[in-house]
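Visitor: I would like to learn how to read some features of a model. Please take them one at a time.

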There are 2 protein chains.
Amino acid sequence: MNSHILRASLISFAALAVSVSVFAKEPIDPIAPVKDINLAQVELGKKLYFDPRLSKSGFISCNSCHNLSMGGTDNLKTSIGHKWQQGPINSPTVLNSSMNIAQFWDGRAKDLKEQAGGPIANPGEMAFTHDLAIDVLESIPEYVNEFKLVFDRDEINIDDVTQAIAEFEKTLVTPNSPFDQWLMGDKDALTANEKAGYKLFKESGCIACHNGPAVGGSSFQKMGIVEPYQSKNKAEGLSAVTGKDADRFKFKVPTLRNIEMTYPYFHDGEAETLTEAVDVMGRLQLGKKYTEDENAQIVAFLKTLTGDQPSFTLPILPPSTDKTPMPTPFE
Amino acid sequence: MNSHILRASLISFAALAVSVSVFAKEPIDPIAPVKDINLAQVELGKKLYFDPRLSKSGFISCNSCHNLSMGGTDNLKTSIGHKWQQGPINSPTVLNSSMNIAQFWDGRAKDLKEQAGGPIANPGEMAFTHDLAIDVLESIPEYVNEFKLVFDRDEINIDDVTQAIAEFEKTLVTPNSPFDQWLMGDKDALTANEKAGYKLFKESGCIACHNGPAVGGSSFQKMGIVEPYQSKNKAEGLSAVTGKDADRFKFKVPTLRNIEMTYPYFHDGEAETLTEAVDVMGRLQLGKKYTEDENAQIVAFLKTLTGDQPSFTLPILPPSTDKTPMPTPFE
């Protein structure tokens, strides 16, 4: 190795050591790159994620409510399901969702694979059945061949369908946000105002729940700790899963990654702006009334959590055949 | 120029002359590459094409019914509009639509730009107004800046919105189908069966209407020439535009490019398979009853018209701001 390269390497190593020690001090970690991925499953899962033939209507796909052009959400208060049914809850973002302690607001699915099967068979969402979805896929030779190549089984089953979708979803991480650049040692990545917002975010207690690489997603907390939360929404959260009265109104703490893109906010989608969401959270969860300036600083910090959005070629879906059951949107 | 290169060039030139003379003889032309495109408009138009905020619900975009993962259609008999309204007609493909004589089945829009404004303001489709769509776009700084850069005007107007969408749509061509490869001189690009289908397609008269680069799209023809077409669908075609009784049930001849992907068929979407569509067309338009083998040959030929699908990165949409009017899907 020549001495210039050696010196450059040593400097890089020193810089790395500094940045590691910097982010070791912070309660938020940079988003780690995706590793250990089955790329064949990802490519298959990407098609399934965009395929509305997994719904009764042939119109609704995973991407309808977790739109990857729009922060992995639909940006609606509550979602639109089969026959325009109004969903009961705000669609959480799929971005960085692999980091969640569990899936859905009430944590009723333990992981992305278990989650993926839910909406397909939910009468208020895609309104299909797993069996009918498999019938559709089995009628399409390109899918049959791809499943055989990827899973080495003669028949398509729902387990492999949800496994492939989940594997695709694991790739939907958003690294390289300004905040992560700052964590990694670029002191100019944040403005003074944004840094002040982060300081306030930590010192006033937001960080107690919104921490870790996803800045949330790692625990269930009661919505309305200091003051009760008033909502017309009927969701009761974790208690629907555990049956425990103590878990009423406990919801999974949402990730704050890409929060600028995932409006409106809360499980009921009632907070339309970050300003409103920060105000409500401060009062109800922390007993704090932020001044206008403080609120604006926290919002400025939150906007630094927008990372690189997943970038990929729109998948082309294999066409149906004469044997494929036709969708029945109006029945 | 050295003599080897000169000789290679002469051979290439001879090969080109042969291929030109080959496809000069055929009534179908290969799809030409896209030229003279305003790339800045294309990139802006791509975002608008995928943006459901151009609809009242915030849920329906151009891509909902002209899905570029699915041959530029929704693969439904008739489309789903605002509040799950059942559309009156089958969504035609957006692929190669720049080659159409006019837009919509009845030709009521003279070009893609005029077409693009229709669904946004149609109460049964996106159910918005042009003014409200502009309000949404004007509230999003990234759109404001991009429109200013692309069109050099201080305000966004609907004319520029539809211009950008149309410019994007002009790029949605599908060259390089097996049939085009054959037209260009690759004699092995089609099987004997597919060639027999093409011969039959020409000799039995399909080619009279389905010709040119789009294999259709260039004229209006009566649906049901030899025998009347029975349909529950109320669309009367061109007469709705011209007011002439002679134009009743005249529809724009659809392109047959990518026809394997754009099922179901006809303006009413009543033909679920190509086999059925070929049979009905033969009987009603040509007074011919194809045998099973003949039908299968024509279908085999039609499937050679599937070209390279448009390939691009899924656009990421700029987020709404606190000033952006919220969508109202359930009002």
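Visitor: Where is the place of B:Pro264 in chain B?

Guide: Helices are DSSP runs of H or I with at least four residues, strands are runs of E with at least two, and both are numbered from the N terminus. B:Pro264 is in the loop between β2 (250–252) and α11 (274–286) of chain B. The peptide bond from B:Tyr263 to B:Pro264 is cis, with omega near -15°. In chain A, the bond from A:Tyr263 to A:Pro264 is cis, with omega near -15°, and A:Pro264 lies in the loop between β2 (250–252) and α11 (274–286) of that chain.

Visitor: What is the phi of B:Asn75, and where does the residue lie?

Guide: B:Asn75 is not a glycine, yet its phi is positive, about 55°. The residue sits in the loop between α3 (62–65) and α4 (112–121) of chain B.

Visitor: How should I number residues and chains, and what confidence applies?

Guide: This is a predicted model, in which local features need pLDDT of at least 70, side-chain atom pairs count only at pLDDT 80 or more, and totals for chains, interfaces and linings use all residues. Residues are numbered from 1 along each chain as its sequence is written, while chains are lettered from A and ligands numbered from 1 in the order in which they are written. The pLDDT is the predictor's confidence in each residue, from 0 to 100. Chain A has a mean pLDDT of 93, with 93% of its residues at 70 or more. Residues 5–23 of chain A have pLDDT below 50, and this stretch has 11 contacts in the model beyond near neighbours in sequence. The model scores are ipTM 0.92 and pTM 0.92.

Visitor: At what angle do the axes of α2 and α7 of chain B cross?

Guide: Axes are lines fitted to C-alpha atoms, for helices over the stretch in contact, and angles between N-to-C directions run from 0 to 180 degrees. Under 35 degrees counts as roughly parallel, over 145 as roughly antiparallel, 65 to 115 as roughly perpendicular and the rest as oblique. The axes of α2 (residues 39–49) and α7 (residues 158–170) of chain B come within 7 Å and cross at roughly 100°. The two helices are therefore roughly perpendicular to each other.

Visitor: Which residues of α2(B) and α7(B) meet?

Guide: Two residues are in contact if their C-beta atoms, placed from the backbone, lie within 7 Å. On the α2(B) side, they include B:Leu44, B:Leu48 and B:Tyr49; on the α7(B) side, they include B:Val161, B:Ile165 and B:Phe168. The residues of this contact divide into 8 nonpolar, 3 polar and 2 charged. Here Ala, Val, Leu, Ile, Met, Phe, Trp, Tyr, Cys and Pro count as nonpolar, Asp, Glu, Lys and Arg as charged, and the others, Gly among them, as polar.

Visitor: How many residues of chain A are in contact with chain B?

Guide: 35 residues of chain A are in contact with 35 residues of chain B. The chain A side divides into 19 nonpolar, 11 polar and 5 charged residues. Of the interface residues of chain A, 100% are also interface residues in chain B, so the copies meet through the same surface.
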